[in-house]
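Hi there,

Here is the structure I promised to pass on to you. Have a look at it first, and then read my notes below.

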Amino acid sequence: DDDDDDDDDDDDDDDARPNPNPNPNSNSNPNPGADVDQSDADVVTEDQSDLLRRAFASDDVVAAFETEKAAEVEGELPNVDTPKQMPGWGGWADDQARRGPPKWQLDAEKKAAKEKLKAAKARRDASLKHVVISEKYDKKAAALNVETLPHGYDSKEVYEGAMRTPLGPDVNTDKSFRDLTRPKILKNAGAVIKPMKFPKGRRPTAAEAKRK
C-alpha cells in the first residue's frame with residue numbers, strides 16, 4: 001500500500017509540474033505577446049484611418065485643392081486673342097451656322113490652345129500636384145527687389161538671411177530692437193561733419209574733376 005501511495009504522489013507531482021512543450025508538433029508562436037502587440041497596433045491604425053475617413057467624409061480636400069489650383073493657373077496663363085467670325089458678316093447668319101466656323105478660325109483656336117498648354121507645362125509647379133507656385137508679376141514687390149548685391153554683404157545667402165531676420169519691436173525685446181536699429185556712427189545735433197577727402201597720392205578721375 002505504501003508503494004502505491006508513493007506512485008500516486010509521483011503521478012501528482014508530474015501533473016503539477018509545468019510542461020515546457022505541451023505539444024511539440026504544434027506551430028504555436030513561443031512568444032504570443034508579439035502577435036498580440038502587432039494585432040493591437042493594426043487595430044489602432046485601422047481605427048485612426050477610419051476616424052480620419054469619417055471626419056473628412058463630406059470634405060473632398062484633394063478635389064477642392066485641384067479645382068483651386070486649376071483656376072489659379074488658368075488665370076496666370078497668357079491670354080491669346082483669337083479672331084472670331086462675326087455672325088452675319090460676309091454671309092447670312094443661318095448659312096454660317098450650318099457651315100460651322102471657318103478653317104482659319106479653327107486653326108487660330110488650335111494654335112492658342114497649344115500655346116496655353118506649352119505655358120502650363122513650363123510652369124515650375126506643373127509636376128507638383130500639391131503645390132501652387134504663383135508666377136504672377138507683382139509690381140509692388142518688384143519695386144522692393146534689388147538688382148545687385150548691396151554693399152556690406154559678401155554673398156546672396158547672407159543678404160537674404162539678414163532680410164529674413166525681423167527687426168520690428170513686436171518680435172524683439174526693447175533692448176534688441178534698439179541694438180539692431182542703432183546707427184554705426186552717432187553724432188550730436190549741431191555737430192560739424194567734415195566732408196570726405198581723397199587719400200594722399202590719389203588723383204581724382206575725370207568724372208570727379210568735372211563734378212568739382
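**What turned up**

On the surface, L52, F56 and V61 make up a nonpolar patch, and together they have about 300 Å² of accessible area. Please keep in mind that this is a predicted model. F56 sits in the loop between α2 (32-55) and α3 (61-76), and its relative accessible area of 48% makes F56 partly exposed.

Next, the largest pocket, which holds about 210 Å³ of space. Which helix gives the largest share of its lining? That is α3, with five residues. Among the lining residues are E66, K69, R123 and D125. Sorted by class, the lining has six nonpolar and six charged residues, and no polar ones.

Now to the charged pairs. Side chains of opposite charge can pair when their charged atoms come close. The structure has nine salt bridges, and here are some of them:

- K103 and D107 meet at 2.9 Å, N to O. They are four residues apart in helix α5 (residues 103-121), so about one helical turn separates them. K103 is exposed at 61% relative accessible area, while D107 is partly exposed at 36%.
- R124 pairs with E135, with their closest N and O atoms 3.9 Å apart. Both lie in the loop between α5 and α6 (139-142), so this pair ties together parts that are 11 residues apart in sequence.
- E160 and K156 meet at 3.9 Å, N to O. They are four residues apart in helix α7 (residues 156-164).

Enjoy exploring!

Best wishes

Notes:
Residues numbered from 1 in each chain as written. Predicted model: local features only at pLDDT ≥ 70, side-chain atom pairs only at ≥ 80, totals over all residues. Heavy atoms only, no water. Patch = residues over 30% accessible without salt bridge, like charges linked within 9 Å, V, L, I, M, F, W, Y side chains within 5 Å. Areas by Shrake-Rupley, 256 points an atom, 1.4 Å probe, with all protein chains shown as cover. Salt bridge = Lys/Arg side-chain N within 4 Å of Asp/Glu carboxyl O. Helix = DSSP H or I, 4+ residues; strand = E, 2+ residues; numbered from the N terminus. Buried < 20%, exposed > 50% of the residue type's maximum accessible area, 1.4 Å probe, protein only. 1 Å grid on protein atoms, 1.4 Å probe; cavity = no way out; pocket = protein on both sides within 12 Å on 5 of 7 lines; lining within 4 Å. Points joined across faces, edges and corners; volume = space filled by probe spheres on them. Nonpolar A, V, L, I, M, F, W, Y, C, P; charged D, E, K, R; others polar.
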